[in-house]
Amino acid sequence: KSQKMSRIVSPTCSSSFRRGANVCASTNVPETNNNNNKKKLPTPQKRRDVLIGLSGASLLSHAPYSLSSIEQQQQQPLTDIGELGLGCWSWGNSFVWGYEESMDDELQRVFNLAVDRGVRLFDSADSYGKDGRSEQLLGKFIREYPGDDAKKNDIILATKFAPYPWRVTSSSFVNAAKESAKRFGKEKIDLGQLHWSTGNYQPLQEGALWSGIADAYEEGIIGAVGLSNYGPRQLQKIHKYMSSRGVKISTLQVQYHLLSRFPELNGTKETCDELGIKLIAYSPLALGLLTGKYSVENPPPGLRGQAYKGVLPPLPTLLEIMREVGDAHGGKSLPQVALNWCMCKDTVPIPGAKNVRQLEDNLGALGWRLSAAEVAELDKAAEKVGVSTSQNIFQTA
């Protein structure tokens with residue numbers, strides 16, 4: 001996820017935010033009140049090659065749109081994305097996941113099996129791998145998929161656009177969407193997402209992100225708009241702006257799993273429910289911690305081992321409860337229990353899979369459900385761990 005790991009914090013430290021606080025205070029969409037002094041609506045126009053920024057919570061400027069154009073742009077959000085998706089961070093990323101081109105044939109088999117078994121959502125990003133390698137692979141895999149056209153046409157290709165420092169105009173994000181579509185080999189991306197908010201460190205860039213992805217939607221480069229790593233306060237702000245443009249926000253993806261329950265605790269899930277936004281859970285297996293493969297004696301390799309060394313000592317208590325719950329369902333594996341927990345929380349988990357065996361294990365999370373009592377038991381066991389993996393460093397409040 002183009003992320004770094006920050007300090008390990010307790011999940012109980014997260015505070016909730018009041019709904020409606022600090023929302024975007026103003027936009028330049030013309031008002032249409034019924035008094036006699038109302039101003040004539042401006043002619044719709046597009047202005048992208050300007051830096052669009054924020055001053056506090058207020059959007060300084062964006063292209064004006066008439067009410068009639070907003071009405072014409074109304075869409076239904078893309079929320080039917082299946083129960084389980086596939087995250088493609090490891091498809092092309094060498095630094096964290098050790099990707100090599102020799103893996104491509106196996107990844108094609110993973111893709112084919114996932115589609116055959118009904119997986120619809122494949123999530124990538126323009127920062128996954130050198131030169132957008134993950135997007136390139138997905139484009140290749142969908143072209144070479146040997147199955148029937150009905151399943152092929154049901155695939156949802158999603159990607160995320162990184163707010164690199166040089167992307168400071170709305171047109172730069174439109175161009176980013178065009179480049180991603182080219183790597184996919186498609187005219188339109190099914191779901192285009194902002195990879196993260198710059199509100200924490202470069203608020204002047206934030207307006208360019210918002211305007212750019214709305215422009216990309218209006219130009220037909222992306223079919224639906226999604227977000228990633230937005231917290232409830234920033235989500236309220238961008239929702240108000242997108243509503244003024246007549247653009248629906250379909251999805252929000254955040255790190256969410258048994259060792260990272262911040263979306264429950266800080267109001268993100270509640271806000272998504274209020275606004276009709278589907279929550280996608282990325283890293284639902286805690287980058288491997290919930291698979292049972294790792295321990296204090298056998299930590300994850302590389303960066304993950306350093307980031308999670310504080311979580312490993314108390315982790316076995318949670319894993320033991322997960323095993324007991326899995327056994328009660330006929331021997332379900334730890335990953336299957338972890339993914340089913342996410343689905344029971346009304347989210348769509350998008351675990352990764354680098355080989356067919358991993359995919360088969362993930363697919364075993366479908367077709368059954370934990371009971372409410374089992375979900376509560378797992379919640380309690382997660383709390384007893386006492387520490388949590390941190391959220392993405394770019395996650396906003």
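Select Asp273 first: its relative accessibility is 48%, which makes it partly exposed (buried is under 20% relative accessible area, exposed over 50%, and partly exposed in between, with a 1.4 Å probe and protein chains only). This is a predicted model, where local features need pLDDT of at least 70, side-chain atom pairs count only at pLDDT 80 or more, and totals for chains, interfaces and linings use all residues. Residues are numbered from 1 along each chain as its sequence is written, and side-chain values use heavy atoms, with hydrogens and water left out.

Lys269 is buried, at 14% relative accessible area. Both residues belong to helix α10 (residues 268-275), 4 residues apart, so about one helical turn separates them. Helices (H or I, at least four residues) and strands (E, at least two) are DSSP runs, numbered from the N terminus. An α-helix has 3.6 residues a turn, so residues three or four places apart point the same way.

Next, select Lys160 and Asp123. Their closest N and O atoms are 2.5 Å apart, in a salt bridge. Lys160 sits in strand β5 (residues 156-161) and Asp123 in strand β4 (residues 121-123), so this pair ties together parts 37 residues apart in sequence. Lys160 is buried, with a relative accessible area of 0%, and Asp123 is buried at 2%.

Move to Arg369 and Glu83. This salt bridge has its closest N and O atoms 2.7 Å apart. The pair links distant parts of the chain, 286 residues apart: Arg369 is in the loop between α14 (356-363) and α15 (372-385), and Glu83 in the loop between α1 (67-72) and β3 (86-87). Arg369 is partly exposed at 37% relative accessibility, and Glu83 is partly exposed at 42%.

Now select Arg261, Glu264, Lys345, Asp379 and Glu383 together; a network of salt bridges links them. The model's salt bridges number 22.

Finish at helix α7, residues 203-218. How many of its 16 residues are buried? The count is 13, so α7 is largely enclosed by the rest of the structure. Its end C-alpha atoms lie 24 Å apart, which agrees with the 22 Å that its 16 residues should span at 1.5 Å a residue (the expected span is 1.5 Å times one less than the number of residues). Gly220 follows α7 and has a positive phi, near 80°.

Note on methods: Salt bridge = Lys/Arg side-chain N within 4 Å of Asp/Glu carboxyl O.
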